Amino acid sequence: MPSAPLHLDTPLFRTSADYSASNKPLWLKLDALQPSGSFKLRGVGRLCQHEIENGAQEIFCASGGNAGIAAAYAGRALGIPVTIVVPATTSAEVRQSIEATGAAVIVHGTVFDEANAFAIEQAKASNAAYVHPFDHPLLWKGHGTLIDEVVGKDADFDCVITSVGGGGLLAGIVAGLQRNGLSDVPVIASETEGAASLHASLAAGERIALPGISSIASSLGARQVAQHVFDLPKHHPIESVTVTDAQAVAACLKFADAYRILVEPACGAALAVADVHPDILARFKNPLIEVCGGIGVSLEKLKAWKERLL
Ligand SMILES: *Cc1c(COP(=O)(O)O)cnc(C)c1O
């Protein structure tokens, strides 16, 4: 029997119709309120539990932020050491938050792929388990609990809006919909321009790697989505959209003013869809937005992004 989940059943809010340009009330699933600050604890927690049940005594994870915090939180809750490998681009604040949660931090490489390769190598050398931040079936299963919770509250929704980095969250939402008999509920997958690896791959008809990331939404900065994620639109209705960094930041600011909660631009990308793509939302009655959260935000950062972009 798997142990009790580490994540919380988060609140579900309903906006008024005039909250967004879509002119309809939106369901907001508040995963920003997870103890790790983002939805990541759902899948990462599940995967860490699985590894420990199978004998792991140590965990390695590569991450630029929120997956690392989630793994650190899981390791502390489950009582085993965790090491997070982060690329040099990860801010000092995020590194300190990971360390404060109780994990060791190693800085390696300049991009996620380099940090990830090193984490795999180190896990092998130390006979430890390696936890991928977005590409593992159990991770998707764990992320899918957000849909179980919304369904459990009898909330009527007819599309789900989510942001996409490597696509673990998207895969989890699709898994959650399918196991709840909601295979016909479309998912609108949002990325910021400059981090739109899914959008570019779908346009090209093949899974491509972006040459680089030029968006401030660093949690969406996977240069390439997982193969499973690229294949998802063959099995589930998915629409890929993009928003600008400025639109994502505007959505974060509006959400902060309305609900007094700070979220990363990576999360703003999903929130922005209701204002930027009302044409798409016109086809639905009750959109659900996954408010995925993120710790890489502060009043100061939001202010700086606002001054630069808006
Ligand atoms: C990880 C993350 C994402 C993207 O999730 P993927 O599973 O990589 O697609 C989006 N928003 C936040 C805040 C994240 O931490």
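I began with the term pocket, which on a 1 Å grid over the protein atoms alone is an open set of points where a 1.4 Å probe fits, with protein on both sides within 12 Å along at least five of seven lines. A molecule sits in a pocket if more than half of its atoms lie within 2 Å of its grid points.

I noted that this is a predicted model, in which local features need pLDDT of at least 70, side-chain atom pairs count only at pLDDT 80 or more, and totals for linings use all residues. Residues are numbered from 1 along each chain as its sequence is written, and side-chain values use heavy atoms, with hydrogens and water left out.

I looked up where the ligand sits, and found that its space is the largest pocket. That pocket holds about 1000 Å³, a volume being the space filled by probe spheres set on the points, which are joined across faces, edges and corners.

I then listed the lining (residues with an atom within 4 Å of a point): it has 50 residues, with G64, S218, S219, L220 and G221 nearest the pocket's centre. Helix 7 (168–179) is among the helices that each supply at least two lining residues, and helix 7 gives the most, with 3; helices here are DSSP runs of H or I, at least four residues long, numbered from the N terminus.

Turning to the ligand, I found 17 residues around it, the closest being K40, N66, G165, G167 and L169, where near means a heavy atom within 4 Å.

For polar contacts (pairs of N or O atoms within 3.5 Å), I noted ligand oxygen atoms 2.9 Å from a polar backbone atom of G166, 2.9 Å from a backbone N or O atom of G168 and 2.8 Å from a polar backbone atom of L169. The protein covers 97% of the 380 Å² of accessible area that the ligand has on its own, by the Shrake-Rupley method with a 1.4 Å probe.

Key: A polar contact is a pair of N or O atoms within 3.5 Å; within protein, one must be able to donate a hydrogen and the other to accept it, and residues adjacent in sequence count only if both atoms are side-chain atoms.
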